[in-house]
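Q: Could we go through this structure feature by feature, with the general idea placed before the particular case?

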Amino acid sequence: MQCYKLIGPPLLLVIGLVVYNEYYIFYSAISHCNWPCEHGRCSETSLKAFMISDTHLLGKRNGHWLDKLKREWQMYQSYQIAKWILNPEVVFFLGDLMDEGKWAEKSLFSSYANRFRQLFGDDKMVITLAGNHDIGFHYAVMPDTLDMFRKEFQRGLIDDIQIKNYRFVLINSMAMHGDGCRLCHEAEVELDRIKNRSSKTRPIVLQHFPLYRKSDAVCEKMDEQHVVDLKEKYREQWDTLSKDSTRKLISTLNPIAVFDGHTHKMCKKKWKSSQAPGYFYEYTVNSFSWRNGDVPSVLLAVMDGEDAFVNSCRLPSEAQQIKVYVVGGLSILILAITLIIRRRSIFKRRCSYSLLMYRSPEKCE
């Protein structure tokens, strides 16, 4: 009983600190997120989707086990709680699912893919795209790696799919260099097929690379925490698509909206189009992992008719979590030391009283 009085309070506080930092902060952050529905209510014909990018699941080459554990737990908690609270109808992962897929041989690539499915699910409403870390940049894409991704995630170079009467065109950004290689030729042929179809439905375009832009200076702020980077300059075909590929995609598809990732930074950019209605918005999603930024996010997208409405949903800050652990841990340590000192003081007083009464039931030190 005396031992419980000594270690009980600090132990309960340690448990509370862990529960707060590893569970509650995720629930608290995500519970403030809302779908961007008109008049606060989504119509029955609308489609609610998560847009997530750059999970970068660590591999065997560069991933330390503790770093891997921390990042995967953060993403797992964020994803599961977000699904529970917000209940999306479909989830899109916009590339760079894994960090070292480009270097993996078949069995290792399969283990990375299985780990992704364990964390984020394996149903038909979880739809994935390839990123440069999954299969390599354009000039490093190997046929075997491309084939492994195709088999594991059932994804071609360009896919035209329909969900609840909404068209989505999923594009492999590494096949959009336009240099005449076999990969690019196959993608261009498929784009022409899509263009020649008689569908009157404008698509939502999903890809890993952003459309061409020199920097994020042209971006609009998406929320109060969004700080636009005005300094970094993007390299064509490395950080963004080329100018020619961008023009071809816009003229061929006339999208309702474009969603992409890769830069690990958020962006909202308005584009002009020669076709009705004359403009569309591109949304670049920042990374879902703490490893690529202190405050990750998921975009909440609602497709409703010919419109796409988007809100950002910010996840907890890693820096804030660390501060809570440091302050909470020091406070608990001080409490534990105080209880020990107090216990020793009480013990000594009892010993002194016993000696004065010529009795020594306890050994005094």
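Q: Which residues have the most contacts inside the largest nonpolar core, and how many residues does that core have?
A: As a general idea, nonpolar side chains tend to be buried together in soluble globular proteins. In this model, which is predicted, the largest nonpolar core has 62 residues. Phe 50, Phe 93 and Phe 120 have the most contacts inside this core. Helix α3 (residues 106-120) supplies the largest share of the core, seven residues.

Q: Which residues are in contact with Phe 93, leaving aside its neighbours within four places in sequence?
A: With those neighbours set aside, Phe 93 touches Ile 52, Thr 55, Tyr 79, Phe 116, Phe 120, Val 126, Ile 127, Thr 128 and Leu 129.

Q: In what order do the five strands of the open sheet lie?
A: Strands of a sheet pair through backbone hydrogen bonds, either parallel or antiparallel. Here the order is β3-β2-β1-β10-β11, and the pairing is mixed. At the edges are β3 (126-128) and β11 (307-314), each of which pairs on one side only. On average, neighbouring strands of this sheet are turned by 25° against each other, with direction ignored.

Q: In which sense do strands β1 and β2 pair, parallel or antiparallel?
A: Strand β1 (residues 47-52) and strand β2 (residues 90-93) pair in the parallel sense, over four bridges. Ile 52 stands opposite Phe 93 of β2, and Ile 52 is also among the contacts of Phe 93.

Q: Which strands does helix α2 lie across, and at what angle does it run to β1?
A: Helix α2 (residues 65-86) lies across β1, β2, β3 and β10 (297-304). The angle between helix α2 and β1 is about 165°.

Q: How many disulfides does a search of the whole structure find?
A: To read disulfides, one takes cysteine sulfur pairs within 2.5 Å. The search finds three. With bonded cysteines counted along the chain, the pattern is 1-6, 2-3, 4-5.

Q: What does the disulfide between Cys 33 and Cys 313 link?
A: Cys 33 and Cys 313 are joined with an S to S distance of 2.0 Å. The torsion about their S-S bond is about 85°, so this disulfide is right-handed. The pair links distant parts of the chain, 280 residues apart: Cys 33 is in the loop between α1 (2-30) and β1, and Cys 313 is in strand β11.

Q: Why does Cys 313 count as buried?
A: Residues under 20% relative accessible area are called buried. Cys 313 counts as buried because its relative accessibility is 0%. Cys 33 is likewise buried, because its relative accessible area is 10%.

Q: What is the S to S distance between Cys 37 and Cys 42?
A: The disulfide between Cys 37 and Cys 42 has an S to S distance of 1.5 Å. Cys 37 counts as buried at 14% relative accessibility, whereas Cys 42 is partly exposed, with a relative accessible area of 24%.

Q: How far apart are the sulfur atoms of Cys 219 and Cys 267?
A: The sulfur atoms of this disulfide are 1.9 Å apart. The torsion about the S-S bond of Cys 219 and Cys 267 is about -95°, so the disulfide is left-handed. Distant parts of the chain are linked here, 48 residues apart: Cys 219 is in the loop between β6 (204-206) and α7 (243-253), and Cys 267 is in strand β8. Both Cys 219 and Cys 267 are buried.

Q: Which cysteine sulfur is nearest to that of Cys 181?
A: Cys 181 is in no disulfide, and the nearest cysteine sulfur, that of Cys 184, is 3.2 Å away. Cys 184 is in no disulfide either. Cys 181 is partly exposed, with a relative accessible area of 23%, whereas Cys 184 counts as buried at 1% relative accessibility.

Q: Which residues does the UniProt annotation "transmembrane region" cover?
A: The annotation, from an unreviewed UniProt entry, covers residues 322-341. In the model, this span is 100% helix and 0% strand, and its end C-alpha atoms lie 28 Å apart.

Note on methods. Residues are numbered from 1 along each chain as its sequence is written. This is a predicted model: local features need pLDDT of at least 70, side-chain atom pairs count only at pLDDT 80 or more; totals for chains, interfaces and linings use all residues. Side-chain values use heavy atoms; hydrogens and water are left out. UniProt positions are given in the numbering used here, feature names are shortened, and annotations may be inferred rather than shown by experiment. Helices (H or I, at least four residues) and strands (E, at least two) are DSSP runs, numbered from the N terminus. Two strands pair if DSSP finds at least two bridges between them. Axes are lines fitted to C-alpha atoms, for helices over the stretch in contact, and angles run from 0 to 180 degrees between N-to-C directions. Contact means heavy atoms within 4.5 Å. Buried means under 20% relative accessible area, exposed over 50%, partly exposed in between (1.4 Å probe, protein chains only). A nonpolar core is a set of buried Ala, Val, Leu, Ile, Met, Phe, Trp, Tyr and Cys residues joined through side-chain atoms within 4.5 Å.
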